[in-house]
Amino acid sequence: MKARVSWDQDLTFTGTTDSGYKTVMDGSGKAVSPMESVLLAVGACSSIDVVDILKKGRFNIEACNCELEAERAEEPPRVFTKIHAHYTVSGEGISEKALARAVQLSAEKYCSVMLMLTGNVEITTSYTLV
């Protein structure tokens, strides 16, 4: 995997992936910050896992949302110290047990972004089945 980050102006940069996708990031609040990008990556990566695991279990998923809340160190470097991911999932026939298993498997086995942060960030999860 490769990517390139190019300076646009001020503290604004454009990241381009080797697959051609682009994202704009900014250090002064004009776009998504790099730390917000990491937090979004945690939610997207783990949500992909949750949906994929449930689909493989032949559940009909109607919605999956992941609300994330993070705490950062007070002093530089202002790394994440805690991240909590709360999944709200709805669909037909999804059991509490199946959702719990999907969330756990994502956090402990499949989500590369979460696993990359393990040991440096306290990561917790919860879920609501609608």
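Which residue forms a salt bridge with K30? The partner is D10, and the closest N and O atoms of the two are 3.3 Å apart, where a salt bridge is a side-chain nitrogen of Lys or Arg within 4 Å of a carboxyl oxygen of Asp or Glu. This is a predicted model, in which local features need pLDDT of at least 70 and side-chain atom pairs count only at pLDDT 80 or more, while totals for chains, interfaces and linings use all residues. Residues are numbered from 1 along each chain as its sequence is written, and side-chain values use heavy atoms, with hydrogens and water left out.

K30 lies in the loop between strand 3 (22-26) and helix 1 (34-56), whereas D10 lies in the loop between strand 1 (3-9) and strand 2 (12-17), so the pair ties together parts that are 20 residues apart in sequence. Helices (H or I, at least four residues) and strands (E, at least two) are DSSP runs, numbered from the N terminus. K30 counts as exposed, at 58% relative accessibility; with a 1.4 Å probe and protein chains only, exposed means over 50% relative accessible area, buried under 20%, and partly exposed in between.

By the salt-bridge rule the count comes to two, and K56 with D52 is one of them, its closest N and O atoms being 3.3 Å apart. Both K56 and D52 belong to helix 1, where they are four residues apart, about one turn of the helix. K56 is exposed at 65% relative accessibility, while D52, at 35%, is partly exposed.
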